[in-house]
Amino acid sequence: MAYGLQPLKHVEPHLPSNAAVCRIVMSDTGLKILIVDQNVVRAAIIEEGLRDAGYLNVTVVRDMQNLQQRIVSADPEVIFIDLENPNRDVLEQMFQVSRTVHRPIAMFVDHSDSAAIEAAIDAGVSAYIVDGLKKERVLSIMHTTISRFNSFDRLRQELDKTKSALQERKVIDRAKGILMQERGMDEAAAYGLLRKTAMNENLKLVQVAQSVVTAAQMLSK
Amino acid sequence: MLQGVTRKTLVIGFIPLLDCASLIAAVEKGFVAEEGLHVALVRETSWANIRDRLVVGHFDAAHMLGPMALASTLGIGHLKVPLVAPYAMGSGSNAITVTNDLWAQMKQHGAALGADPTQQGKALAAIVRARNDQGLPPLTFGMVYPFSCHNYELRYWLSVAGIDPDRDVRLVVIPPPLSVDALRAGQVDGYCVGEPWNSLAVAAGVGCIVTPNSAIWQWNPEKVLGFRQEWAEKNPDRFDALLRAMYKASKWCDDSENRRELAEILSEPKYVGVAPDVLRLGLSRRYVCEPGSIPLDAPESMVFAAHDVTFPWVSHAAWFYSQMVRWGQVKPSATTAVAACTTYRPDLYRRALKPLNINTPSNDTKLESRNAKGTGGFFDGKTFDAAKLEAYIASSPSISRGEFTKDAVGMS
């Protein structure tokens, strides 16, 4: 674990600036971070992002069984959980009943955090930090995680788009096949007919193709 | 992201449970449209998400646990954002279920199908004591959220039976959709959750229903429609219109003639997403308590409108507050008591429903006591009078008192 020397005034800014006291604090990259995410790909993307940013002490929990036990043994200072996870309410209870966890954990609790909370919720993640941990120390971790959540989202959207394009392609191919067989057309003519019908009916090509496929299914025994 | 959302669209969050029925019916049966509103419903996965998205403004209103609204107003554990709860979404949708194994043991100690909570509690207490004597680990019970009627009613029932909810058993949070699996896997020995998750456990053959919560506290308060106070003040017309639509929908849901259709609507994947026959059983005011047993009537369960259950009784907020103090979530003070109680807004309820020309309760509070016929109030016969809140708190012993969690707020 990395340690560094920091003047105390950076840690406790309310002390007089002439306080010539220094003490050893754990450097931020040594913070113990726990990611609770059932989505394996996203968890990997976040973990990688945090490691790239120099945070090496990252644990990922994917299996939700005995969540409490896992958190106690990981003993994290920062916890991220995705908002799709119903186990968020399990965490809330653990932070209320601090006796059950080894170290009391608190959330962002004052109003100055509302922008950070909102950005996190927009991205689909929630963060919890150990009580007493200075928020400034966690902000860059927050930013990394949020941006990773957002890039995962973009990836997912692109994947969805690709998937549906593939699906449309399949339907159109089947419709062409049906027309070629039933009407004795060649491929280009079948495609042309689909396109012309779509234009005339003010429909999407895939909608017309789907109608052809459905009709063929209904007419066949 | 949501289709057809305009600046005027009300975005309302909900959790898939039977007691979100009036909200779903308000949209599906055209009551919001009748009031000139356009509503987009958003299904959420956790109460924490509901709270966060309401306080940061993603939602204009939300189906939420009554005590959650108090917790946000008091700023316990999260941002301090004043919320208002002007509308209660019904009563009697929760129950307590245990594993078949624990139920068999309880029956050996005097518990019986459909018996009152006192008898069931005594049986459980005998088992808890025996386990303690034998050095066995404590039983684990699940509930849905730290600030919930489930948590407080489960603790109330256990305490009356002489079981310390913090020392003699373990209480954990269990998200309702995961509850049946947790019971099957033996992660919990029992739980207190809303329907249909109790009936589902019995239908799946993994648990037995000990008691509906309506037997613990008749006409108990549960979910509310919560708003940010600031939003409610800035948008009085839409706020009032939404409450009227909710009231009409609650009446519609309460009509037994409509329960079949209601079960069909709620069974849609975008709402509760559970098979309609299970939902119909949950809505039927009857419980099959043991796998294969005959259904028992529970006429006080699943009430959406009758008995003034939609009225936001300030005394309900006061009782929640008394339990927050009892279990160490809030430090008692006049300031926190007033802030908690004024989260419930009967004045706004009356204002909104005025054009409907209905009779609304003229008092803001009511006495919670069991009458000579054995109905109303709490099962142990103890009276709750909101005017004597301090004395009630003093007379409700708990080991946790004095050991406030670090998030507890207020002046001592």
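What follows is a set of questions and answers about a predicted model.

Colleague: How many helices and strands are there in chain A?
Modeller: Chain A has 221 residues, of which 40% count as buried. Among its contacts between residues at least 6 apart in sequence, 63% join residues at least 24 apart. The count for chain A is 8 helices and 7 strands.

Colleague: In chain B, how many residues of helix 1 are buried?
Modeller: Helix 1 of chain B covers residues 21-28 and is mostly covered. The buried residues are Ala21(B), Ser22(B), Leu23(B), Ile24(B), Ala25(B) and Ala26(B). Their cover includes strand 1, helix 2, strand 2, strand 3, helix 11 and helix 12 of chain B. Of the 8 residues of helix 1 of chain B, the number buried is 6.

Colleague: Which residue just after helix 1 of chain B takes a positive phi?
Modeller: The place to look is just after the end of helix 1 of chain B. The phi angle there is about 80°, and the residue is Gly30(B).

Colleague: Strand 3 of chain B is among the elements that cover helix 1 of chain B. Which residue of strand 11 of chain B is the bridge partner of His63(B)?
Modeller: Strand 3 of chain B is mostly covered, with 5 of its 5 residues buried. Ala61(B), His63(B) and Leu65(B) point one way from the strand, while Ala62(B) and Met64(B) point the other way. Strand 3 and strand 11 of chain B run antiparallel and are joined by 5 bridges. Within strand 11 of chain B, the partner of His63(B) is Leu225(B).

Colleague: Do strand 1 and strand 3 of chain B run parallel or antiparallel?
Modeller: One bridge pairs Gly13(B) with Ala62(B) of strand 3 of chain B. Strand 1 and strand 3 of chain B are joined by 2 bridges, and their direction is parallel.

Colleague: In the open sheet with the order 7-6-8-5-9, which strands of chain B stand at the edges?
Modeller: The sheet has 5 strands with mixed pairing. Its neighbouring strands are turned by 25° against each other on average, direction ignored. An edge strand has a single partner, so one of its sides is left without a neighbour in the sheet; in chain B these are strand 7 and strand 9.

Colleague: What angle does helix 5 of chain B make with strand 5 of chain B?
Modeller: Helix 5 of chain B packs on the sheet and touches strand 5, strand 6 and strand 9 of chain B. Helix 8 of chain B lies across strand 5, strand 8 and strand 9 of chain B, at about 165° to strand 8 of chain B. For helix 5 and strand 5 of chain B, the angle is about 90°.

Colleague: How do helix 11 and helix 16 of chain B lie to each other: roughly parallel or roughly perpendicular?
Modeller: Their axes come within 8 Å and cross at roughly 80°. Angles of 65 to 115 degrees fall in one class, so helix 11 of chain B is, relative to helix 16 of chain B, roughly perpendicular.

Colleague: Which residues are in contact with Leu348(B), leaving aside its neighbours within four places in sequence?
Modeller: Leu348(B) is in helix 16 of chain B, and it is buried, with a relative accessible area of 10%. Its C-alpha atom is 9.4 Å from that of Ala232(B), 116 residues apart along the chain. The residues in contact with Leu348(B) are Pro86(B), Phe239(B) and Leu243(B).

Colleague: How are the rings of Trp217(B) and Phe378(B) arranged, stacked or edge-to-face?
Modeller: Trp217(B) lies in strand 10 and Phe378(B) in strand 14 of chain B, 161 residues apart. Trp217(B) is buried at 0% relative accessibility, and Phe378(B) is buried at 1%. The ring centres are 4.4 Å apart and the planes are at 25°, so the pair is stacked.

Note on methods: Residues numbered from 1 in each chain as written. Chains lettered and ligands numbered in written order. Predicted model: local features only at pLDDT ≥ 70, side-chain atom pairs only at ≥ 80, totals over all residues. Heavy atoms only, no water. Axes fitted to C-alpha atoms, helices over the stretch in contact; angles between N-to-C directions. Helix = DSSP H or I, 4+ residues; strand = E, 2+ residues; numbered from the N terminus. Parallel < 35°, antiparallel > 145°, perpendicular 65-115°, else oblique. Buried < 20%, exposed > 50% of the residue type's maximum accessible area, 1.4 Å probe, protein only. Contact = heavy atoms within 4.5 Å. Pairing = 2+ DSSP bridges. Phe/Tyr/Trp six-rings, centres within 6.5 Å; stacked < 30°, edge-to-face > 60°.
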